[in-house]
Amino acid sequence: MASEILPGKTILEALNTDLVCDAINTAMRELFLQIVYGRTQTAFSDDGLPVGAGLDDLGKGLRSQVGTLYSTKLKGPRYLELAEGYVTKMAIDKEDRVIGYEVVHLGKAMEAIAAGMDANEAIKKNTSTKGRYADAARYIDPRKE
């Protein structure tokens with residue numbers, strides 16, 4: 001959502017932007033504090049991790065899960081990678097708004113491949129859609145458009 005609302009705003013304007021609901025505003029504030037104070041996902045883990053640990057407790061399909069979204073005024077938001085995985089398609093409605101996306105859960109796919117599953121099967125098995133994906137007026141590949 002931030003990639004849809006924040007393009008063209010200064011840092012101060014972005015920090016003062018109302019992102020629809022209190023839960024999102026609270027989450028954005030907490031993320032900002034985590035970045036400012038250099039904390040990681042470990043702060044939210046059960047019992048935390050030992051000081052100096054190099055791998056955060058990210059759950060099944062361990063991998064770095066930094067989201068990569070960007071947006072321009074001209075083309076709008078593009079989701080490349082989210083905590084869920086790698087975005088392969090974005091669902092766009094008639095008003096050119098993002099209403100869903102297709103995502104490959106790379107950590108889970110890599111675990112399946114390591115366990116002996118065919119790579120194409122692992123990708124297919126670990127691909128899902130989010131939001132109102134099926135209701136889209138069109139689909140775009142965020143890597144190409």
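**Figure 1. Gly-100 and Gly-131 across the β4–β5 pairing.** In this predicted model, Gly-100 stands opposite Gly-131 of strand β5. The two strands, β4 and β5, run antiparallel and share five bridges. Strand β4 covers residues 98-104, and strand β5 covers residues 127-131. Burial is complete along β4, where seven of its seven residues are buried.

Figure 2. Lys-130 belongs to β5, which spans residues 127-131. Because its relative accessible area is 28%, between the 20% and 50% limits, Lys-130 is classed as partly exposed. Apart from neighbours within four places in sequence, its contacts are Glu-84, Ile-99, Gly-100, Tyr-101 and Val-103. One of these, Val-103, is 27 residues away along the chain, and its C-alpha atom is separated from that of Lys-130 by 7.8 Å.

**Figure 3. The hairpin of strands β3 and β4.** Strand β3 (residues 85-92) pairs with β4 in the antiparallel sense, with six bridges between them. At one of the paired positions, Ile-92 has Val-98 of β4 as its bridge partner. Five residues lie between the two strands of this hairpin, and within the turn Asp-96 has a positive phi of about 65 degrees.

**Figure 4. Asp-93 in the loop between β3 and β4.** Asp-93 is placed in the loop that joins β3 to β4. With a relative accessibility of 9%, Asp-93 is counted as buried because the limit is 20%. A polar atom of the Asp-93 side chain lies 2.8 Å from the backbone nitrogen of Arg-97. Beyond its neighbours within four places in sequence, Asp-93 is in contact with Ile-99 and Ala-137.

**Figure 5. The aromatic pair Tyr-79 and Tyr-101.** The structure has two aromatic pairs. In the pair shown here, the ring centres of Tyr-79 and Tyr-101 are 5.9 Å apart and the ring planes meet at 75 degrees, so the arrangement is edge-to-face. This pair links distant parts of the chain, since Tyr-79 is in strand β2 (residues 76-82) and Tyr-101 is in strand β4, 22 residues apart. Both Tyr-79 and Tyr-101 are buried.

**Figure 6. The aromatic pair Tyr-133 and Tyr-139.** For Tyr-133 and Tyr-139, the ring centres are 4.7 Å apart and the planes are at 45 degrees, so this pair is tilted.

**Figure 7. The largest nonpolar core.** Nine residues make up this core: Tyr-79, Leu-82, Val-87, Met-90, Ile-92, Val-98, Tyr-101, Val-103 and Ile-140. Strands β2, β3 and β4 are the elements that give two or more residues to the core. Nonpolar side chains tend to be buried together in soluble globular proteins. For Leu-82, the contacts other than neighbours within four places in sequence are Gly-67, Leu-69, Val-87 and Tyr-101.

**Figure 8. Helix α4 and the residue after it.** In helix α4, which spans residues 106-114, Gly-107, Ala-109 and Ala-112 are buried. Helix α5 is included in what covers the buried residues of α4. After α4 comes Gly-116, which has a positive phi near 110 degrees.

**Figure 9. The protein chain and its confidence.** The protein chain contains five helices and six strands, in the sequence order α-α-α-β-β-β-β-α-α-β-β. The chain has 145 residues, of which 27% count as buried. Of the contacts between residues at least 6 apart in sequence, 41% join residues at least 24 apart. Mean pLDDT over the chain is 76, and 61% of the residues reach 70 or more. Confidence is lowest in helix α3 (residues 22-37), with a mean of 66, and highest in helix α5 (residues 119-125), with 97. Residues 51-58 have pLDDT below 50, and beyond near neighbours in sequence this stretch has 14 contacts in the model.

Methods:
Residues are numbered from 1 along each chain as its sequence is written. This is a predicted model: local features need pLDDT of at least 70, side-chain atom pairs count only at pLDDT 80 or more; totals for chains, interfaces and linings use all residues. Side-chain values use heavy atoms; hydrogens and water are left out. Helices (H or I, at least four residues) and strands (E, at least two) are DSSP runs, numbered from the N terminus. Buried means under 20% relative accessible area, exposed over 50%, partly exposed in between (1.4 Å probe, protein chains only). Contact means heavy atoms within 4.5 Å. pLDDT is the predictor's confidence in each residue, from 0 to 100. Rings of Phe, Tyr and Trp (its six-membered ring) pair if their centres lie within 6.5 Å; planes under 30 degrees apart count as stacked, over 60 as edge-to-face and the rest as tilted. Two strands pair if DSSP finds at least two bridges between them. A nonpolar core is a set of buried Ala, Val, Leu, Ile, Met, Phe, Trp, Tyr and Cys residues joined through side-chain atoms within 4.5 Å. A polar contact is a pair of N or O atoms within 3.5 Å; within protein, one must be able to donate a hydrogen and the other to accept it, and residues adjacent in sequence count only if both atoms are side-chain atoms.
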